[in-house]
Amino acid sequence: MNLKGYGTKAAPHYALELAAGETKTFCFRLFAESEAETVKGGVSFDAIFAQRARETDEFYDAINPPQLTPAERTVVRQGYAGLLWSKQFYHYVLQDWLNGDPHSPTPPASRQQGRNAEWTHMYARDIISMPDKWEYPWFAAWDLAFHMIPFARLDGKFAKDQLSLFLREWYMHPNGQIPAYEFAFGDVNPPVHAWAAWRVYKIADKPGQRDRQFLESVFQKLLINFTWWVNRKDSQGKNLFSGGFLGLDNIGVFDRSKPLPGGGTLQQADGTAWMAFYSATMLSIALELAKDGNKINTAYEDMASKFFEHFVQITDAMNTLGGTGLWNEEDGFYYDQVQTDHQVIPLRTRSLVGLLPLIAVEVLDDNHIKSLPGFYKRFTWFLNNRKDLSRHISYCETMRGARRLLAIPSRDRLERVLRYLLDESEFLAPYGIRALSKFHHEHPFVFNAGGEEHRVDYQPGESTTGLFGGNSNWRGPIWFPVNYLIIEALERYHHFYGDSLKVECPRGSGVWLTLDLVAQEISRRHTTLFLPDAKGRRPSHGGERRFHEDPHWRDLILFHEYFHADTGKGLGATHQTGWTALVVRMIKDLARKRRQTA
């Protein structure tokens with residue numbers, strides 16, 4: 001009991017006796033004192049619940065495509081419900097935590113130099129979308145960015161407000177870093193905030209009604225964050241970036257957040273790809289803001305030029321620095337590299353690290369960029385005078401006479417990487433894309449450094465060791481966030497290459513598909529995790545009989561943190577509706593495409 005006589009928690013206490021098999025229902029209503037007279041007359045709880053159920057049905061009918069099957073509709077409804085359930089009030093005032101509560105023992109002096117001590121400006125007192133209110137009841141910035149993609153149709157204003165919140169001065173560090181999560185604000189997560197803002201801008205509102213003020217506001221703050229990345233994570237100024245574990249926990253040969261065993265510098269294929277992805281997204285936002293109807297904003301033209309050149313410089317370094325950059329011509333794949341004083345050593349593990357360069361792709365409409373004279377002049381000058389940067393990368397190719405492609409891989413390199421991606425003995429699993437190639441099941445990668453052996457082998461389920469992330473395993477399982485980015489990237493490649501580029505999918509099947517159909521096939525595999533088969537079994541339930549035999553459990557769906565690469569069983573946190581709710585977008589997109597082809 002709060003001795004001061006106020007607070008936010010209360011619990012009624014009822015004492016009663018029940019006979020065997022008897023039930024008793026208590027109905028309560030929370031109301032303001034001003035509503036007392038209205039409530040005094042009694043409330044029909046059954047009528048109110050029936051009305052709310054009708055309103056809910058009407059709401060979801062309005063935002064969901066009519067082509068959804070009943071089974072798909074169940075998954076979508078519960079995915080959205082999980083997102084709403086995962087909203088939580090979060091109150092963490094860093095300075096108060098450092099100083100301790102006024103009526104409690106003084107905290108040890110070590111706290112002043114401990115966790116998050118450099119984030120004294122942090123003042124969180126907000127409703128925030130959590131990864132999992134049971135197991136992870138605190139925000140995680142890169143998780144939240146993915147949450148907002150399905151949230152954009154559910155509650156567009158909330159999605160925009162959440163993305164804006166983490167860029168405000170009481171969250172973002174004065175140096176420009178976005179706080180990662182409660183137990184270490186200073187950890188480095190992948191820079192996906194700009195992408196999420198750009199996607200929410202386009203999803204939440206219809207063309208002609210889009211919220212340019214939101215987009216302009218977040219762009220200004222993201223400039224600070226982008227600068228922090230460039231200054232802190234490109235240690236040698238060569239446009240090859242590090243960043244640490246970057247949300248992928250144990251995917252590396254060793255802990256990428258710590259100094260390398262044996263010394264040297266780690267040049268990360270995923271860190272560099274993330275920065276190219278960030279640059280391309282900021283370029284697209286700047287081009288959008290540069291033109292508002294017939295009005296041209298030259299300041300944003302200049303910013304578009306800046307991010308175009310950033311992208312090209314990073315792409316060139318990724319592909320050519322030191323000969324072939326982070327590309328391995330023999331294997332046809334991108335790898336992390338360890339650079340010492342005497343040699344450069346590729347870490348030849350086939351993982352999402354080497355697939356991430358595919359996501360750094362944007363398609364520019366030629367008519368749009370020609371309508372921006374300042375940007376187009378600089379763009380043309382760059383292509384004509386820096387031909388050293390256009391040797392074999394596809395950013396300056398022209399297809400269909402009206403589009404230009406900015407991408408890390410050339411067409412040839414894209415096709416070579418896709419051979420691995422679409423090979424069922426490598427990355428392509430029955431239910432999505434593996435985080436680590438199945439090749440490493442029989443061919444583990446072993447690297448000796450610092451007098452120790454470091455090993456990476458295929459682990460399709462939960463981690464077999466406590467290394468780095470413990471059970472947060474990225475050495476095989478299926479994770480929705482990065483897979484969703486790969487699917488989107490394939491759609492953008494198709495927007496440029498069209499029917500001129502077809503690949504065998506799955507590899508060895510004899511079936512050749514355009515990249516939009518490849519994206520649909522990968523999406524379909526993800527959705528089958530949650531959809532019941534003829535016997536009512538959902539792969540994500542992992543054979544748990546009550547979920548398909550017990551009528552009280554049959555239609556209940558859990559959105560796990562990640563999934564067994566070979567069986568589809570849900571693993572990790574069991575209520576990770578946040579980024580796993582991306583399946584809602586996949587199901588709805590597939591339903592719309594069925595309508596288009598019907």
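Is Cys 505 buried or exposed? Cys 505 is buried, with a relative accessible area of 3%.

## About the model

This is a predicted model, in which local features need pLDDT of at least 70 and side-chain atom pairs count only at pLDDT 80 or more, while totals for chains, interfaces and linings use all residues. Residues are numbered from 1 along each chain as its sequence is written, and side-chain values use heavy atoms, with hydrogens and water left out.

## Cysteines

Buried here means under 20% relative accessible area, exposed means over 50%, and partly exposed lies in between (1.4 Å probe, protein chains only). On that scale Cys 27 is partly exposed, because its relative accessible area is 46%. The structure holds zero disulfides, a disulfide being a pair of cysteine sulfur atoms within 2.5 Å.

Helices (H or I, at least four residues) and strands (E, at least two) are DSSP runs, numbered from the N terminus. Helix α6 spans residues 156–165 and is mostly covered, with seven of its 10 residues buried. Those buried residues are Gly 156, Phe 158, Ala 159, Lys 160, Gln 162, Leu 163 and Leu 165.

Now to helix α2 (residues 45–63), where you will find Tyr 60. Tyr 60 counts as buried, at 6% relative accessibility. Leaving aside neighbours within four places in sequence, Tyr 60 is in contact (heavy atoms within 4.5 Å) with Arg 77, Tyr 80, Ala 81, Leu 84 and Leu 154. Val 76 is 16 residues from Tyr 60 in sequence, and their C-alpha atoms are 9.2 Å apart in space.

## Where α7 meets α9

Two packed helices are described by the angle between their axes and the distance between the axes. For helix α7 (residues 193–204) and helix α9 (residues 269–290), the axes come within 9 Å and cross at roughly 40°. Axes are lines fitted to C-alpha atoms, for helices over the stretch in contact, and angles run from 0 to 180 degrees between N-to-C directions.

From α7, the contact is made by Ala 194, Trp 195, Trp 198 and Tyr 201. Helix α9 brings Phe 277, Tyr 278, Thr 281, Met 282, Ser 284, Ile 285 and Glu 288. These residues divide into eight nonpolar, two polar and one charged; Ala, Val, Leu, Ile, Met, Phe, Trp, Tyr, Cys and Pro count as nonpolar, Asp, Glu, Lys and Arg as charged, and the others, Gly among them, as polar.

## A strand hairpin

Strands β8 (residues 336–339) and β9 (residues 344–347) run antiparallel and are joined by four bridges; two strands pair if DSSP finds at least two bridges between them. The two strands form a hairpin with four residues between them. Within this pair, Val 338 stands opposite Ile 345 in β9.
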